[in-house]
Structure formats: C-alpha cells, structure tokens
Amino acid sequence: MAKHGGFPGMGMGGNMQQLARQAQKLQQQMTEKQAELEAREFEASAGGGMVTAKVTGKKQLVELVIKPEAVDPDDVELLQDMVVAAVNEALRQADETVEREMGKLTGGFGIPGLF
C-alpha cells in the first residue's frame, strides 16, 4: 500500500509538476489546433454541382455559389433543397474534421466544453 496517497507510483513532487507541464502543453496544442481548424474552409456541393457552399470551421457560411441554370422560377423548392443540402454537408464535413483532429490530441477522450 502506498504511504503517500494519491495514485500508486506517482510521487507528489516531480511527477505532479511533470503532469502539470504535460497538461499545459496539451492545452496549448489544442488551442492552436482549434484556431487552425476554425480558420479552415470546407466546401460541398449539391445538385451535381449546381449549388456549392463553403463554410469555416467556426460554422460560418462564407460563400454560396448558385449556377444560373439552377434557377427555375417554376421549381424554387428544388433550388432551396440544393442550398440546404450543400450547406449541411459542408457543416458536417467541418464538424467531422474538427472532432477527428481534436480527438487525435486527446487520445479519443472527449473533454466536455472544450470545443
């Protein structure tokens, strides 16, 4: 049985300082990666390329391109559906990439409220 308490094999002095340094380094890496991912752009299209949406990792729509031939006054609903599909797919790609990249830093363990 350990006499010093805490976790077996972990001395109070040096190991705790080392753990704190590692945690600080991980936090810095995560902050840098999050900033990089927020600036990154993700693009998706719908309707065979008739509508293209570009979003950032911060989930902001920064560009929407609609080809003129996609505009049919008799079928506005189709155009609306293509816009929604393109934007949602771009957002899905952004979310998936952010989760995957941040998961690499945390070893797959989610940290609530981090991103």
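Lys104 forms a salt bridge with Glu101, with the closest N and O atoms 3.2 Å apart. A salt bridge here is a side-chain nitrogen of Lys or Arg within 4 Å of a carboxyl oxygen of Asp or Glu. The model is predicted: local features need pLDDT of at least 70, side-chain atom pairs count only at pLDDT 80 or more, and totals for chains, interfaces and linings use all residues. Residues are numbered from 1 along each chain as its sequence is written, and side-chain values use heavy atoms, with hydrogens and water left out.

Both Lys104 and Glu101 lie in helix H2, three residues apart, about one turn of the helix. Helices (H or I, at least four residues) and strands (E, at least two) are DSSP runs, numbered from the N terminus. Lys104 is exposed, with a relative accessible area of 57%. Glu101, in contrast, is buried, at 14%. Buried means under 20% relative accessible area, exposed over 50%, and partly exposed in between (1.4 Å probe, protein chains only).

Salt bridges that share partners join Lys104 and Glu101 into one network with Lys33, Glu36, Glu89, Arg92, Glu96 and Arg100. Side chains of opposite charge can pair when their charged atoms come close. A search of the whole structure finds eleven salt bridges.

A further salt bridge joins Glu41 and Lys54, whose closest N and O atoms are 3.8 Å apart. Glu41 lies in strand S1 (residues 41–46) and Lys54 in strand S2, so the pair ties together parts that are 13 residues apart in sequence. Glu41 counts as partly exposed, at 45% relative accessibility. Lys54 counts as buried, at 19%.

Helix H2 was also examined for its length. At 1.5 Å a residue, the 31 residues of H2 should span 45 Å, and its end C-alpha atoms are 45 Å apart, which agrees. The expected span is 1.5 Å times one less than the number of residues in the helix. Gly107 follows H2 and has a positive phi, near 70°.

The largest nonpolar core has ten residues: Ala46, Met50, Val51, Ala53, Ala70, Leu79, Met82, Val83, Ala86 and Val87. Strand S2 and helix H2 (76–106) are the elements that give two or more residues to this core. The largest share, five residues, comes from H2. A nonpolar core is a set of buried Ala, Val, Leu, Ile, Met, Phe, Trp, Tyr and Cys residues joined through side-chain atoms within 4.5 Å. Leaving aside neighbours within four places in sequence, Ala46 is in contact (heavy atoms within 4.5 Å) with Val51, Met82, Ala85 and Ala86.

A second, separate core of five residues includes Phe42, Val55, Ala90 and Ala94. Ala90 belongs to helix H2. Its relative accessible area is 0%, so Ala90 is buried. Beyond its neighbours within four places in sequence, Ala90 is in contact with Phe42, Glu43, Ala44, Ala53 and Val55. The C-alpha atoms of Ala90 and Thr52 are separated by 9.0 Å, although these residues are 38 residues apart along the chain.

Thr56 is found in strand S2 (residues 51–56). Thr56 counts as buried, at 9% relative accessibility. Neighbours within four places in sequence aside, Thr56 is in contact with Glu38, Arg40, Glu41, Phe42, Val62 and Ala94. Lys59 lies in the loop between S2 and strand S3 (61–66). Phi of Lys59 is near 65°, a positive value in a residue other than glycine.

Ile66 lies in strand S3. At 35% relative accessibility, Ile66 counts as partly exposed.
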